Structures are given as C-alpha cells and as structure tokens.
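Biologist: I am new to this structure. Please take one part and walk me through it closely.

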Amino acid sequence: MEKQEAEAEVEMWKFIFGFVEMAVVKCAIELGVAEAMETHGGAVSLSSLSSAVGCSPSDLNRIMRFLVNRRVLKEAETSEAEPCYQQTALSRRLMTRGENGMADLLLLESSPVMLAPWHTLSARLRGKVSAPFDAAHGEEIWGYAASHPAHSKLINDAMACDARLAVSAIVNDCPEVFDGVSSLVDVGGGNGATLRTLIKSWPLISGINFDLPHVVSAAPKCNGVEFVGGDMFDSVPTADAAFIMWVLHDWGDEECIRILEKCREAIPREKGKVIIVDAVIEEKENHEKGGKSTLKDVGLMLDMVMMAHTTTGKERTSKEWDYVIKKAGFSRYTVKPIRTVQSVIEAYP
C-alpha cells in the first residue's frame, strides 16, 4: 500500500506540472537549439550554444539540464570545463526542417489559440458548451483559421510536418497502395505538402490538391499538382483515387459519411478507391492482450484533442470505421497499419 501511495504521489506531481515539458520543449524550438547543435556538429559547449541562440548561459544551462534529464539531449563527456551537449534522435525531432522534424506540430498544439479550449473541456461534458474551441474563440476552428492567416499557417505547417512522416511510412510499409493510380485528388490537402511528397516517390501520378479556397490560394505552386478550391461537402474533383489524410477525424459520423460519399462519387466505380490515412484506435481487449502500445496512447490523446478542438470529431475504432465506410456505400475495405499513429484504409466502391 505504501508503494502504491508513493507511486500515486509521483504520478500526481507529473499531472500538476505536465505542461512544463511542452513549454520547455517549445522554448527550445523557438530558440533554435536543435538547429544550432546540428549546424555546429558533434559536441557543443554551453557557451558556444548560448552564443549561437542568443541567450544567457546561466538561463540556457537550466533549460538544457531539464532537457538532458528528460533524455531529449545528451550531455557529452569532453575535456571542457563547462557542460557540453550532443544531439539525439529525439532532439532532432525538435527541428523545423529535416525529414523527421516534428516542431511544427508542437508549435500548433502549444499555441495560445489551441490551448485555450482545454479550459472548457469539462463544460462540454456537462453540456454547458457544445464545443470548447467555439466557446473560447466565438467560432469553429476552420472559420477561425479562415479569418486569421497566421493561425491558418500554423495549421498548414503542422499538417505538412505530419505529411512528411506519414508519407514516408506509406512509402516504406505499403507502397502498393498507389499501384495503377495515374491521378489522385488529395481531399483537404492543405498547402499541398502531402501531394508534393507523394509525387517525389510516384512522379507519374497527376495530383489535384483540393481544399477550401482561402487555403489553396496561399499554397505554393508545384509541378504536377493542380490546386482546386471548393467544399468537400458539396463535391470532390474526379480522379482515379481520392486520398484523405487526417481529415475525417475532425468530423462526426454524419459529416464523415457525407464526405466519403462525395469521395466515392469522384472515383471510377470499376477501379477507383478512396485511401484514408487516419488513426484506428485499438479495442480495449486487444490493448490488454498485446500490452501497452505507445502509439495507442497517442491515438487516445488525439481523441481528447478532437473533443477540445472540434464539435463532433473523434478518433475511431475499427468498428466505428466499419460503420461509416459501409454507410457511405463502399462494398469493401482493407486496413493496413504503418509505422506512425495512422493506418491506411483502402475503401472500394
């Protein structure tokens, strides 16, 4: 009993100061710590690093001590009289550039706009507000992004960051998904980062990046990609296949079914398919049999994000995916796990 109480106290302290990790990592990203270390190469001293990022050595030392304790960075053994640090696989994730960088995702989720709705999460559950984001900002997230270009850029940069990770996983784990596809429409494709990345691996595919007009109007142009503005609830541009990544989880079942119906209408009945890249939450019994899955933890956290940031969005179990896919008129589908939080679902008319 004493051991359980001691463990409970430690865990409670982690909850109390849980925001600290995000805040300190955000600080390191904004200072450009990982980029400065990567540019320097090898072990870098505290004084050299503080000079590179433009802050006092004493304050930076406290930040670095915290990051080393969390194993974000590694303290190097050198002959220097002052602390020296080395990059790790995790610290390189703090970079805004690079194939594995995830900084833009953290910068979005740690922004004041995205943090504010969490304070009314319990009010949603009690039925006092329908959506915490709306309660915090007076409108839903997509309307807010349309009227606030800086926040829209944060969203697009974060989605581009996720696109690099997810497309890389698709290329490595299930490249056959794009066999026989000559044209592809990316539904809710943001600034086109996903299609640009896909076309590097499949240069013969002709891409259509489809999103709201204010989104595609600000997107950088790309050879092999046509940018089309519109509303996925009304219609989707025609192509051999529709690709929809991290979009359906923003919506409830009714809206999700409508989007999928519009995607189905846009593809050939004989050989077309809709490629869904989204999380599939494991069932409880599978979780218990297979032991703890860190990616399942991420999926469950994302479900909480959907509750705070959308009105009806949610992460779905395999049973819930089965329901919306079949209701949208698809005859069959397959689910392929990849080495990221999402899975690849191929739905056929």
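Predicted model: local features only at pLDDT ≥ 70, side-chain atom pairs only at ≥ 80, totals over all residues.

Modeller: Look at where helix 2 meets helix 5. From helix 2, the residues in contact are Val20, Glu21, Val24, Val25, Cys27, Ala28 and Leu31. From helix 5, they are Leu60, Ile63, Phe66 and Leu67. Sorted by class, this contact holds ten nonpolar residues, one charged residue and no polar ones. The charged class includes Glu, and Glu21 sits on the helix 2 side.

Now the geometry. Helix 2 spans residues 18–31, and helix 5 spans residues 57–69. Their axes come within 11 Å. They cross at roughly 125°. That angle makes helix 2 oblique to helix 5. The crossing of helix 2 past helix 5 is left-handed.

Is Thr310 buried or exposed? Its relative accessibility is 7%, so Thr310 counts as buried; the cut-off for buried is under 20%.

What does the side chain of Thr310 reach? Another is the backbone nitrogen of Gly313, at 2.9 Å. Setting aside neighbours within four places in sequence, Thr310 is in contact with Arg124, Ala131, Asp250 and Val305. Thr310 and Asp134 are 176 residues apart in sequence, yet their C-alpha atoms are 8.3 Å apart.

Methods:
Residues numbered from 1 in each chain as written. Heavy atoms only, no water. Axes fitted to C-alpha atoms, helices over the stretch in contact; angles between N-to-C directions. Helix = DSSP H or I, 4+ residues; strand = E, 2+ residues; numbered from the N terminus. Parallel < 35°, antiparallel > 145°, perpendicular 65-115°, else oblique. Left-handed = near helix turned anticlockwise from the far one by under 90°. Contact = heavy atoms within 4.5 Å. Buried < 20%, exposed > 50% of the residue type's maximum accessible area, 1.4 Å probe, protein only. Polar contact = N/O pair within 3.5 Å; in protein donor to acceptor, adjacent residues only side chain to side chain.
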